[in-house]
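This report is for a reader new to the structure. Please look over the sequence and the model before reading on.

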Amino acid sequence: MERKLMERKMQVFLVIVCAIFGLLTVRLFYMQLLQNDKFSTLARENRMRLTNITAPRGEVFDRYGVKLVGNEPVYTVSLVNLAGESVDDVVSRLASIMGINPVEIEEKIADQKQLYEPVKIATRVSPEIVTRIEEQRLELPGVVIDIEPQRQYPSGSILAHVMGYVRQINPEQLAAHQSEGYKMGDPFGQSGLEYTYEKYLRGQDGGRQVEVDAKARPVRDLGVKEPVPGNNLVLTIDQRVQKAAEEALDRSSQLAVSQGYGEARAGAAVALDVNSGAVLAMASYPSYDPVKLSGLLTQQESDEIFNSPWKPMLNRALLAYPPGSTFKMVVAMAGLDTGNTTLESTISDPGYFFWGSAFNDWKLDGHGTVNLIRAIKVSCDTYFYQLGLRMGIDDIARVAREFGLGEKTGIELPGEESGVVPGPVTKTEQWIPYLSADDTKKVREIQQRYNDLLEKTTDEAQRKTLMSKRSAELRAVEWELDWHDYDTIISSIGQGDNRYTPLELANYIATLANGGTRYKPYLVQRVVSPDGRLIQENNPVELGHVSVSPEAMAAARQGMLEVTLPPDGTAYGFFNGFPPVAAKTGTAEVYNRDSHGLFVAFAPYEKPEIAVAVVMEHAGHGGTIGGPVAEAMLAAYLGLPIPGQKTINSPE
């Protein structure tokens, strides 16, 4: 009985064994014959890797061939997700070695689309970290160390805001540009010209076919496709003027702080070729180190760049500021052109102008008898209060717009703000956010109704009647929605609703200097291939010619020349040893804070070549703080020794 039971068990066991071998045989047949191509491919892919060779980005040069941005080899760390292996332990070890949060690595490899494709974890990795990775190589399967080209800046952070910085492409950028062949880990221009000219600067990546072992370690090269470098940019920038501007902004900031202006930690300066619109310098202070932004940031470095109260990432050359007295030439030209003043007309300045209330001059005891030229020279507020009121805001605004104020210049940089020319419409728009929803609706209805009527009306008397009625209806909703005499008075000295970028101010002065032709500012002269072929060339673009008379412009220029002359020009302490320079100081009041200091100039006076504009935030007086920056820039352009710090006679 027991023997028969044992035989049955053996038979059942034999059947099971046969079935197992049968299944194995079928599976082996299936894999070896039917799936041979698939598994051969997988085995080959597991052994053979096509690794990317990042192409160097195009280099950048100034107008004289000085290299501003180049490339240098740096270590990068990537991670290959090996099939069938958990990467959790590798991620944890690698994050510990590199001093970063493991989540950062996990987020990068989460979007990995292809097995065995390296995902770049970090660039500009220090040799110390590379050594530690190599020491733990057996515990870090899939970790790959490469040498790739990264941005190099021979002059340090000079021109950082214009050039911008390069960093690994982010998911949003990848989604927008994936059709152009980008993949995670690729370098991508994040701001400035690096962003605007990305398609030109980016090269064509190469590749290397490598045989690897089971731990993804390279065994031998099987072939290389060399990368093609990106195209080079030749800029309009003069490196000497740029360097002088950035160093002078730093000196002026320190000078202002030492004089008690604790917030004077930021500013901007722009220089233009008056005969083409080419940007010779564009500096923003404080600056940042673009090298740090391309690699791993420590918490301290991140705080210094992104959390600083002085916001070093802002390109202040493209931010709008009140112009202060640098606006007075606009009012002067409008007054002459409309016949509201002449070169011989004078006023007596007691130090104030009374119109409902007192509007003080910056010089409390007044300037005595002044005409237009002298009013510009000594920056007489009282003269411009009266002239602006006599003329009205419309003609002032018209001339301002002819010189390009109040609109973007169109320069090839992201983030440019549009200035604001004062006037009734501008003022209404600025007050609307303070109204209730019901009042806002009323104002919009009033605006729409009168806009429709004004569009259909050509008779000047009827237009004035309509505008008067519109003003009355707006005033009934809120007094400050309407334009008043005091708005015209303060706008005439560059206060009130006036706001312009340093780039706009420089272009306005350049237009005045060259006789009335307004050019579009530009930064890139040429795009050139690595082998020297011309890819693109940018030529001067005329945006228009002002209708202001040559005589009115000549008077404004004469007034600016007088500003630099003794005994009482507001900038006469500068430009000793220079050819004649025309300039204008400005101090723009800021509510409840220290004033901004401004300075504009062009040179040489007889045959202008360069125009500059300087703004120092909360630094007090434009002559004292902005003047040294303009002086340094003009000296660098003219090949003269750059003077040290100066103080001058006038607080304006």
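What follows covers the basis of the model, the chain as a whole, and its aromatic rings.

## Basis

This is a predicted model, in which local features need pLDDT of at least 70, side-chain atom pairs count only at pLDDT 80 or more, and totals for chains, interfaces and linings use all residues. Residues are numbered from 1 along each chain as its sequence is written, and side-chain values use heavy atoms, with hydrogens and water left out.

## The chain

The protein chain has 23 helices and 23 strands, taken as DSSP runs (helices H or I, at least four residues; strands E, at least two). Of its 652 residues, 51% are buried, meaning under 20% relative accessible area with a 1.4 Å probe, protein chains only.

Among contacts (heavy atoms within 4.5 Å) with a separation of 6 or more, 71% join residues 24 or more positions apart. The protein chain exposes about 30100 Å², and carbon and sulfur atoms supply 52% of that area, computed by the Shrake-Rupley method with a 1.4 Å probe.

## Aromatic rings

The structure holds 15 aromatic pairs. The rings of Phe575 and Phe578 have centres 5.4 Å apart and planes at 80°, so this pair is edge-to-face; rings of Phe, Tyr and Trp (its six-membered ring) pair if their centres lie within 6.5 Å, and planes over 60 degrees apart count as edge-to-face. Phe575 is buried at 7% relative accessible area, and Phe578 is buried at 13%.

One aromatic cluster is formed by Phe353, Trp355, Phe359 and Tyr385.

Key:
Buried means under 20% relative accessible area, exposed over 50%, partly exposed in between (1.4 Å probe, protein chains only). Rings of Phe, Tyr and Trp (its six-membered ring) pair if their centres lie within 6.5 Å; planes under 30 degrees apart count as stacked, over 60 as edge-to-face and the rest as tilted.
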